[in-house]
Amino acid sequence: AHFPGRAATSMLPMAMWPVPAAEAWARLTAAFGLPTIPTVGTTVVSPAGAPPMSGRIVDADSWRLAVLLDEPLAGTAILAAEGMGDQTGVSIWSYLYGDDAVAVVERDKPLWQAWLDAQAGAANPT
């Protein structure tokens, strides 16, 4: 709806967190300074230590939200926590548009992956 006819470059980092989905979602949203059920229209800004990302929530539920991005480029992002039992897949998927999309994905994907992996450790301190 927002980028008709334009090709996206995807970035799909995901990590398994050793906690139930509701706890993973609560930790993910808290890291972004959001309630567990964010309000459509709320501004999202990436947490300290994560790559730049900002935009506005366009859809939200109790386990995922969609963001219309302004930064790092125009695009969309989906933050989600999906799983059953004590393992949850936590993802911050992005679809970026523009001439710099490939370079931004190459720069930011390993940074998002490292951030998600670090948060997985924080979710189960030893």
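User: What does the secondary structure of the protein chain come to?
Analyst: The protein chain has two helices and seven strands. Both are DSSP runs numbered from the N terminus: helices are H or I with at least four residues, strands are E with at least two. This is a predicted model, where local features need pLDDT of at least 70 and side-chain atom pairs count only at pLDDT 80 or more, while totals for chains, interfaces and linings use all residues. Residues are numbered from 1 along each chain as its sequence is written, and side-chain values use heavy atoms, leaving out hydrogens and water.

User: And what pattern does the chain follow along the sequence?
Analyst: Reading along the sequence, you get β-β-α-β-β-β-β-β-α. The radius of gyration is 14 Å, close to the 14 Å from the globule rule for 126 residues, so the chain is as compact as a globular protein of that length. That radius is taken over C-alpha atoms, and the rule is 2.2 Å times the number of residues to the power 0.38.

User: How many of the residues count as buried?
Analyst: Of the 126 residues, 40% do. Buried means under 20% relative accessible area, exposed means over 50%, and partly exposed is in between (1.4 Å probe, protein chains only).

User: Which residues have the most contacts inside the largest nonpolar core?
Analyst: Trp17, Leu28, Phe32, Met53, Leu79 and Ile92 do, in a core of 30 residues. Such a core is a set of buried Ala, Val, Leu, Ile, Met, Phe, Trp, Tyr and Cys residues joined through side-chain atoms within 4.5 Å. Helix 2 supplies its largest share, seven residues.

User: Why do they group like that?
Analyst: In soluble globular proteins, nonpolar side chains tend to be buried together.

User: What does Phe32 touch?
Analyst: Leaving out residues up to four places away in sequence, its partners include Val44, Met53, Leu79, Ile92, Trp112 and Trp115. Contact means heavy atoms within 4.5 Å.

User: New topic: which peptide bond is cis?
Analyst: The one from Glu71 to Pro72, with omega near 15 degrees. Pro72 is in the loop between strand 5 and strand 6. As background, most peptide bonds are trans.

User: Last one, where is His2?
Analyst: His2 lies in the segment before strand 1 (9-11). His2 is partly exposed, at a relative accessible area of 46%. The C-alpha atoms of His2 and Leu65 are separated by 16 Å, and the two are 63 residues apart along the chain.
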